[in-house]
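Student: I've got a model open on my screen and I'd like to talk through it. Can you take my questions one at a time?

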Amino acid sequence: MTESELREEVVRAIKTVYDPEIPVDVYELGLIYDLKIFPVNNVFVSMTLTSPSCPSAGTLPGEVEQKIREVEGVNDVSIELTFDPPYTTEMMSEEAKLELGFM
């Protein structure tokens with residue numbers, strides 16, 4: 001599997017994780033700030049939450065990590081949780097904005 005194919009599979013896996021309070025996946029919400037594939041298929045993800053006091057703070061990053069680990073070919077996963085820059089609704093995809101009535 002090429003790096004771009006693995007990246008597509010990882011994104012597909014991330015899109016199965018939903019914020020429990022919002023009916024949109026975390027990728028389309030814009031919670032994934034960075035996604036890198038390193039040699040030997042190690043995956044790094046920098047992500048945020050809708051707010052630092054989000055009730056899902058303890059579970060969402062772990063769920064994203066678990067879904068990525070399930071992707072065939074992934075060797076290791078590292079998740080970094082950050083609040084810089086702070087999340088805004090402008091980070092949502094067009095699809096998410098439509099789903100949530102922002103457009």
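This is a predicted model: local features need pLDDT of at least 70, side-chain atom pairs count only at pLDDT 80 or more; totals for chains, interfaces and linings use all residues.

Student: Okay, in which sense do strands S2 and S3 pair?

Tutor: S2 covers residues 42–47 and S3 covers residues 76–81. Six bridges hold S2 and S3 together, and their sense is parallel.

Student: And S1, which residue of S2 is the bridge partner of phenylalanine 38?

Tutor: S1 (residues 32–38) runs antiparallel to S2, with six bridges between them. The hairpin has three residues between the strands, and valine 40 takes a positive phi near 55° there. Asparagine 42 also stands opposite aspartate 76 in S3. The S2 partner of phenylalanine 38 is that residue, asparagine 42.

Student: Aspartate 76 again! Which residues are linked with Asp76 in a network of salt bridges?

Tutor: Start with aspartate 76 and arginine 69, whose closest N and O atoms are 3.3 Å apart. Aspartate 76 is partly exposed at 38% relative accessibility, and arginine 69 is partly exposed at 39%. The network links Asp76 with Arg69 and Glu65.

Student: What about glutamate 90 and lysine 97: which one is buried?

Tutor: Their side chains meet in a salt bridge, 3.7 Å from N to O. Glutamate 90 has 61% relative accessibility, so it counts as exposed because the cut-off is over 50%. Buried means under 20%, and at 14% the buried residue is therefore lysine 97.

Terms used: Residues are numbered from 1 along each chain as its sequence is written. Side-chain values use heavy atoms; hydrogens and water are left out. Two strands pair if DSSP finds at least two bridges between them. Helices (H or I, at least four residues) and strands (E, at least two) are DSSP runs, numbered from the N terminus. A salt bridge is a side-chain nitrogen of Lys or Arg within 4 Å of a carboxyl oxygen of Asp or Glu. Buried means under 20% relative accessible area, exposed over 50%, partly exposed in between (1.4 Å probe, protein chains only).
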